[in-house]
Amino acid sequence: MRNSAKPIRFERVLPIVSIGIVIMTAACGMQRASTDSSAPDATISGRISRTTPVIVRLTTTQTDEENPVWSPDGTLLAFESSRDGNKEIYAMDADGRHTRNLTQNAANDDDPIWSPDSRQLLFVSNRDGNKEIYAMGLDGSDPRNLSQNAANDRWPVWSYDGLKVMFISDRSGSWDLFSMNPDGTEQRRLTTAAAVEDNQKWSPDMKHVAFVSNQSGNNEIYLMDGQGSAPRSLTRNAAENTCPNWSPDGKHIAFISNLTGNWELYVMDADGSHQRQLTRTPEEEDSPRWSPDGKMIAFVSKGEVSANISVVDLAGRIQKTMTDSVSEKELPSWSPDGTRISFIGKEGGGPWQIFLMHLWGTQQAKQAGPTEPVAALP
């Protein structure tokens, strides 16, 4: 969670009226990791410096299209849209074709996240009067309320083996981390501090959870084991530290901090040691995402009039802006094979739309037309 002094050009904020706190989780977002090393790679660095990505627009509507998330098999993108009058969950093929409304409900549905086997989607809905966590099939079938609680439950995250779901809830009077089985049973409170906990991420081996807490008076990155015990602060400074993201091999955590007075990208070992600053720019960095091979980090770089997607290698030697400077860009998300990055962007005061960047310059997706029909459910 960023503090109020930081200008946010794309805010997806959850107002918490009951406890008078505002939480922003989506800017940091979620990204599943895959495999491999987290060491600087000269070959990758050279390729970054020479590449010219191809960027394709996948949606063209008059409403905001938000939060695109890849299915683990790389074939689909789920996202949020209000094109039918209220916010619902949609899915489309990774080339932008065959868009379909999965929720088809009069309530607001958001926060889609795929199960590791690509067969289910979790999402958040207020269809029962408050924000709760639901599951459905990949075609929208069999929607069911998992959390079934009178409080607000948000931001679900699958464990990598698909056997647990972690989420945040205000049912205890403050925003804490909870876990449950994928069928909603065995709901368990993981954090107990009188503070706001969010931005939770499982380690790839699922033995630990990194998260953000303001229990010390500022936002720090904490680590606890997968059962919620032995929480400890990794950052331990007076700055604001947020957006933790595990490297694919679980050895490192990327994060964002304003330790120098500007929001910059950092990386540290998984135990909090060897903290090092990767970016040094006048822009404000946000939303770090590791490439699936662990050799690059994509992030958002925000200037006064634009926001762009950039990438940096693990030594901080090669940093390159991958998008133009005309419009806002947010929420980068790597495809599972590491060749594409989805993101949302907008021109001027227009709505947010979904784009696809072919990182190494190969165009395989189409550009959506403004009158493209929405496909019926399979």
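At 14% relative accessibility, Phe-355 counts as buried (under 20% relative accessible area; over 50% is exposed and what lies in between is partly exposed, with a 1.4 Å probe and protein chains only). The model is predicted, so local features need pLDDT of at least 70 and side-chain atom pairs pLDDT 80 or more, while totals for chains, interfaces and linings use all residues. Residues are numbered from 1 along each chain as its sequence is written, and side-chain values use heavy atoms, with hydrogens and water left out.

**The chain as a whole**

The protein chain contains one helix and 30 strands (DSSP runs numbered from the N terminus, H or I of at least four residues for helices and E of at least two for strands). Of its 378 residues, 60% count as buried. Among the contacts in the chain (heavy atoms within 4.5 Å) that have a separation of 6 or more, 43% are between residues 24 or more positions apart.

**Aromatic pairs**

Six aromatic pairs are found when the whole structure is searched (ring centres of Phe, Tyr and Trp, the last by its six-membered ring, within 6.5 Å; stacked if the planes are under 30 degrees apart, edge-to-face if over 60, tilted for the rest). One of the pairs is Phe-211 with Tyr-222, which is stacked at 5.7 Å centre to centre with 25° between the planes. Because Phe-211 belongs to strand E17 (residues 208-213) and Tyr-222 to strand E18 (residues 220-225), this pair ties together parts that are eleven residues apart in sequence. Phe-343 and Phe-355 also make a stacked pair, because their ring centres are 5.5 Å apart and their planes stand at 10°. Here Phe-343 comes from strand E29 (residues 340-346) and Phe-355 from strand E30 (residues 353-358), so the parts tied together are twelve residues apart in sequence.

The table gives the relative accessible area for members of these pairs.

| Residue | Relative accessible area | Class |
|---|---|---|
| Phe-211 | 1% | buried |
| Tyr-222 | 8% | buried |
| Phe-343 | 0% | buried |
| Phe-355 | 14% | buried |

Pro-351 is found in the loop between E29 and E30, and, with a relative accessible area of 25%, Pro-351 is partly exposed. Although Pro-351 and Thr-61 are 290 residues apart in sequence, their C-alpha atoms are 7.9 Å apart in space. Again leaving aside neighbours within four places in sequence, Pro-351 is in contact with Thr-61, Gln-62, Thr-63, Asp-64, Gly-345 and Lys-346.

Strand E6 (residues 88-93) is joined to E7 in the antiparallel sense over two bridges, and Ala-91 has Arg-100 in E7 as its bridge partner.

An open sheet of four strands is also formed in the order E12-E13-E14-E15, with antiparallel pairing. Its edges are strand E12 (153-158) and strand E15 (188-189), each with a single partner strand, so one side of each is left without a neighbour in the sheet. Two bridges link strand E14 (residues 176-180) and E15 in the antiparallel sense, and the bridge partner of Ser-179 is Arg-188 in E15.

Strand E20 (residues 241-246) is mostly covered, since six of its six residues are buried. E20 pairs with strand E21 (residues 252-257) in the antiparallel sense over four bridges, with Trp-246 opposite Ile-253 in E21. The two strands E20 and E21 form a hairpin with five residues between them, and Gly-250 in the turn has a positive phi of about 75°.

Methods. Pairing = 2+ DSSP bridges.
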